[in-house]
Amino acid sequence: MATQDIPQDVGGGRASLFYDPKVRGIFFQVLVIVALVAFVYWIIGNTVENLKRANIASGFAFLNGRAGFDVSDTLIAFDSDSTYRRALLVGFINTLVVAAAGIVTASILGFLIGIGRLSHNWLIRKICTVYVELFRNIPPLLVIFFWYFGVLSVLPLPKESIELPFGSFLNSRGFYFPKLVWGDGSMLVPVALLLGLAMSWFVARRAKQRQMATGATFPVFWTSLALIVGLPFLALVATGFPLSFDFPQKSTFNLTGGLQIKPEFLSLYLALSFYTAAFIAEIVRAGIRGVSSGQSEASAALGLRSAQALRLVVVPQALRIVIPPLTSQFLNLTKNSSLAIAIGYPDLVAVGGTVLNQTGQAIEIVVIWMVVYLGLSLITSAFMNWFNAKMALVER
Amino acid sequence: MSQDIGYVRTEMALPQPAPLRERGPLAWMRKNLFANPFDSVLSIVGFFIVAMIVPPLFNWAIVNAQWTGTDRTFCATVAQGGIQPDGWSGACWAFVKAKFGQFMFGRYPLDERWRVILVAIMFVALLVPLLVPRIPRKGLNSVLFFLVLPVVSYFLLIGGVFGLPHVETPLWGGLLVTLTLSFVGIVVSLPFGILLALGRRSKMPVVKMLCVIFIETVRGVPLITVLFMASVMLPLFLPAGVSFDKFLRALIGVSLFASAYMAEVVRGGLQAIPKGQYEGADSLGLSYWQKMGLIVLPQALKLVIPGIVNTFIGMFKDTSLVYIISMFDLLGVVRQNFSDAAWASPQTPASGLVFAALVFWIFCFGMSRYSIFMERRLDTGHKR
């Protein structure tokens, strides 16, 4: 038969080594490693030479040097005699503060607008659509500039401050509001608050166990509210209201007293919140639309009211779709907070930039930035992954 | 047959108009704005918001706006040393008009601006036929757009050859810089992103590892730090005497950054292609690059067009960050002009920023609409 004449060539060893995918793979990887090592060696050589010529000592010893500059917004004690390390810490804390505040506001605003885009009300739907399409399509830096140069810096001078309710003022130097002053014995209040939180957690647990066992429900929400608000209030009454307010007072050129939020922080915070809210709104909308309408129909058939259906059936399922993209929006907001440098809010990047200009330690500063932001990213995504795993569908 | 039927209608009855309750603007309003008490409250709040924002904005931008003028006095009130009545608040379009050239070209020499305009004309003339699906010869068009145009534009914009005077990049600015950075970023990031995505899904551990490290590092840090790295660290990495143009450094930073994001988008597409496609290609005896180029990537890229365009939009917006390493793109030039003493007035910053926002918005919104159009067109119904 003709087929028998075909030479048998099935043994793997006989083919040329050149065509063996394994050998090729190893060859390419060795090539990549060699190229990379050579490239890194070349870069390090150049860098060492450049640093030597510029008389810059590499290493992180410079962090202990005297900073010699002031930072406008500090939450921890800092003056120009503090070290660079302290300055960077101040910047890092400022980054965290603005990111946390922005995330909370953007989430609330984004959820409202996302739900608004699905509203049956034509006007609300249109307003939300215009908002989303407007803010998604302009750069965040422009939004920051708009608040800073277009809105806050054209507000009147301190002596002509705009008066707002509750004794607060708005002027070109920022937003002033009364400061709470805690008197003697007020330590009892946070203790009571903690106690309330712990007790409501306990109540929620017991209520869940009881519902699982017997099916009887318990008004967890109202009980918790009573505990969390009531206990601190009771503590206040017991200690005889040791609270007072320090109201901002108008003087000739400035406002004294009270708490001041500087326009730099305000612009950055408002811009980040407004910008990110547009993206969160789209994520929320997609999440809610991703839950099939059969789910809400089925819950109506079970006799749930529409608020119950939303809370017990639709939102838990929508959250599963929403959480992963929401995580990346939170990370984006944190990274966008580095735009603070453009208006002079002293966040990590702005302070680091000043240190970089003073010391010339470019590599160290950039490494610090990258490590901090990468660390923040990793922590946030670890937390959100944990939360996601908790919310994810448990298939049996 | 039909005699015993008394009456047969030979034509259709005309449709009756809907009852009055169900038509007209009133019925529409009842249905869409005042369906129930809560809805009515929402509508009133909505009307209130619109009334708070739209009329003042209209007054500011159109009615009270100052359209002509030669300096700041036209846009300042009497108390501020200008001609406007006290309490006046309106857009200063005269400022935008006076600075329009700068907003578009930066400090590009006046006599040489025809070169930028020529490049812009070529860009549009090649881009439009590329975008309209009905126009044939897409292959030739893409070669011209992605290979010939960059080379021609490079020589036209930089000059120094064919008797064109040399224009240094620090003189560039405005929309010119924004568009150049975005265009180069887009052209570079797509192929690099595809390579990185393929590398991340490669079976070679070393290649995979390197790609993962690069992508995750770049995605984990803000663009500003990448730009800082490109602007302050890159010079340290190079041998003495070799120096990069600052513009080129920003380009490298933006392109690296966009590539990492593009890689993740493309990886999403690669993962969505069923295994059978890979195995089918293997069984046909295609090599790795044939398999990817002919079978996998065409399907994968089609799936992720919205993601790719979103990355483009993000990059277009992010180019505004080069202002921080003191380069002047559109937003940077606008910002720089706030401090021009001849035009400084309380209204100029807002006017300039609204103009810049409008330009950015038109480009980004256009891109997103085009992506929706393409998505519908390419939807061949094979979606699972």
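## Contact between chains A and B

In this predicted model, the contact takes 47 residues from chain B and 42 residues from chain A; two residues are in contact if their C-beta atoms, placed from the backbone, lie within 7 Å. On the side of chain B that touches chain A, the elements giving two or more residues are α2 (37-63), α7 (205-220), α8 (223-237), α13 (330-337) and α14 (348-378) of chain B. Of these, α14(B) gives the most, with 9 residues. Helices (H or I, at least four residues) and strands (E, at least two) are DSSP runs, numbered from the N terminus.

Ala, Val, Leu, Ile, Met, Phe, Trp, Tyr, Cys and Pro count as nonpolar, Asp, Glu, Lys and Arg as charged, and the others, Gly among them, as polar.

| Class | Chain B side touching chain A |
|---|---|
| nonpolar | 36 residues |
| polar | 7 residues |

The mean pLDDT of chain A (the predictor's confidence in each residue, from 0 to 100) is 82, and 93% of its residues reach 70 or more.

Residues are numbered from 1 along each chain as its sequence is written, while chains are lettered from A and ligands numbered from 1 in the order in which they are written. Local features need pLDDT of at least 70 and side-chain atom pairs count only at pLDDT 80 or more, but totals for chains, interfaces and linings use all residues.
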